[in-house]
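Me: I want to learn how to read the side-chain links in a model. Please take me through them one at a time.

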Amino acid sequence: MRGSHPLGVLLAIAVAVCTLVPSAVRGQGGSSAYQAPRTKEGRPDLQGIWQAVNTAAWNIEDHSPDLGIPGGQGVVEGGVLPYQPGALARRNENFAKRASLDPEAKCYLPGLPRMTYMPFPFQIVQVPGNVIIAYEYRNATRIIRTDNAPHPSTPPFWMGDSRGRWDGDTLVVDTVGLNGRTRPINGYVANAVNATPESLKVPRLPSSDQMHLVEQFRLVGNGDILEVTRTITDPKTYLRPFSNTVHLERRADLDVQEYYCSDNTRTKDEGH
């Protein structure tokens with residue numbers, strides 16, 4: 001069982017970056033000639049355990065080390081997120097209070113695409129009509145329907161509603177119905193301390209309930225790298241759509257374990 005001790009997470013990501021990034025770089029070099037294996041249904045086989053070994057969970061822009069944040073290179077195309085002016089101001093305000101205001105500290109789901117960036121392994125399982133992602137972090141499960149079913153007209157979810165289709169060797173996933181309560185991309189959302197059911201209904205920056213996420217998953221290297229490119233559209237928060245790409249390592253040495261989350265914003269006398 002893994003817990004949520006922040007120092008342990010930072011040490012783990014530091015060790016992973018030092019030990020795994022060289023193999024990721026080597027794997028990317030042979031991507032053009034690689035042919036993905038197939039499932040029984042003839043689809044590219046993305047199954048296995050994967051893990052992000054970068055610092056995108058903390059910031060997808062270039063950033064220096066700070067309190068609780070390891071430094072790292074950005075993954076967003078163009079280097080800078082195209083914030084609306086009001087969104088940028090709120091991001092900067094919440095960043096200064098991140099120890100208590102990041103919803104991740106309250107054991108809320110971090111949303112998409114941040115969930116996939118988190119430095120914890122997750123497992124992909126493919127069955128006819130569905131691609132299932134079982135995240136160790138928060139014990140969350142994401143079901144991506146690939147049977148051509150449309151998005152339903154339902155209330156928004158923490159992880160939205162995802163529908164996938166195959167474009168050659170690439171799984172293209174369209175996600176809508178995100179509730180705007182999470183910090184899925186960058187910056188810090190002020191919805192963690194003294195939150196009430198009513199306050200949680202208010203869309204929080206740096207995302208909104210109009211966010212639309214399109215992801216492309218494909219195997220590169222020798223099949224030991226899962227390349228994920230994302231395009232995010234959110235007119236309430238960003239001036240224009242933007243994209244970023246991350247490379248995830250295949251982790252045959254790991255299992256997806258039970259995750260215990262401790263609310264880091266509570267005082268001892270509040271209990272858990």
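Reply: Start with a cut-off. Buried means under 20% relative accessible area, exposed means over 50%, and partly exposed is in between. This is a predicted model.

Me: Is Glu 215 buried or exposed?

Reply: Glu 215 has 0% relative accessibility, so this residue counts as buried.

Me: What does Glu 215 pair with?

Reply: The general idea comes first. Side chains of opposite charge can pair when their charged atoms come close. Here, Glu 215 forms a salt bridge with Arg 142, at 2.5 Å from N to O. The two sit 73 residues apart, and the pair links distant parts of the chain. Arg 142 is in strand β4 (residues 141-145), while Glu 215 is in strand β7 (residues 212-220). Arg 142 is buried too, with a relative accessible area of 3%.

Me: Which residues are linked with Arg 142 and Glu 215 in a network?

Reply: Arg 230 joins them. Salt bridges link Arg 142, Glu 215 and Arg 230 in a network.

Me: How many salt bridges does the structure hold?

Reply: The count is 8. One of them pairs Arg 38 with Asp 169, with 2.6 Å between the closest N and O atoms. Arg 38 lies in the loop between α1 (6-28) and β1 (48-52), and Asp 169 in the loop between β5 (161-167) and β6 (170-176). These parts are 131 residues apart in sequence, so the pair ties them together.

Me: Are Arg 38 and Asp 169 buried or partly exposed?

Reply: Apply the cut-off again. Arg 38 has a relative accessible area of 41%, so this residue is partly exposed. Asp 169 is at 26% and is also partly exposed.

Me: What about Arg 163 and Asp 161?

Reply: Their side chains meet in a salt bridge, 2.9 Å from N to O. Arg 163 is buried at a relative accessible area of 12%. Asp 161 is buried at 14%.

Me: Now the disulfide. Which cysteines form the disulfide?

Reply: In general, a disulfide is a covalent bond between the sulfur atoms of two cysteines. The structure holds 1 disulfide. Cys 107 and Cys 261 form this bond, with their sulfur atoms 2.0 Å apart. The pair links distant parts of the chain, 154 residues apart. Cys 107 is in the loop between α3 (98-101) and α4 (114-117), and Cys 261 is in the segment after β9 (242-250). Cys 107 is partly exposed, with a relative accessible area of 25%.

Me: Why is the disulfide of Cys 107 and Cys 261 left-handed?

Reply: Read the torsion about the S-S bond. The torsion is about -95°, so the disulfide is left-handed.

Definitions and conventions: Residues numbered from 1 in each chain as written. Predicted model: local features only at pLDDT ≥ 70, side-chain atom pairs only at ≥ 80, totals over all residues. Heavy atoms only, no water. Salt bridge = Lys/Arg side-chain N within 4 Å of Asp/Glu carboxyl O. Helix = DSSP H or I, 4+ residues; strand = E, 2+ residues; numbered from the N terminus. Buried < 20%, exposed > 50% of the residue type's maximum accessible area, 1.4 Å probe, protein only. Disulfide = S-S within 2.5 Å.
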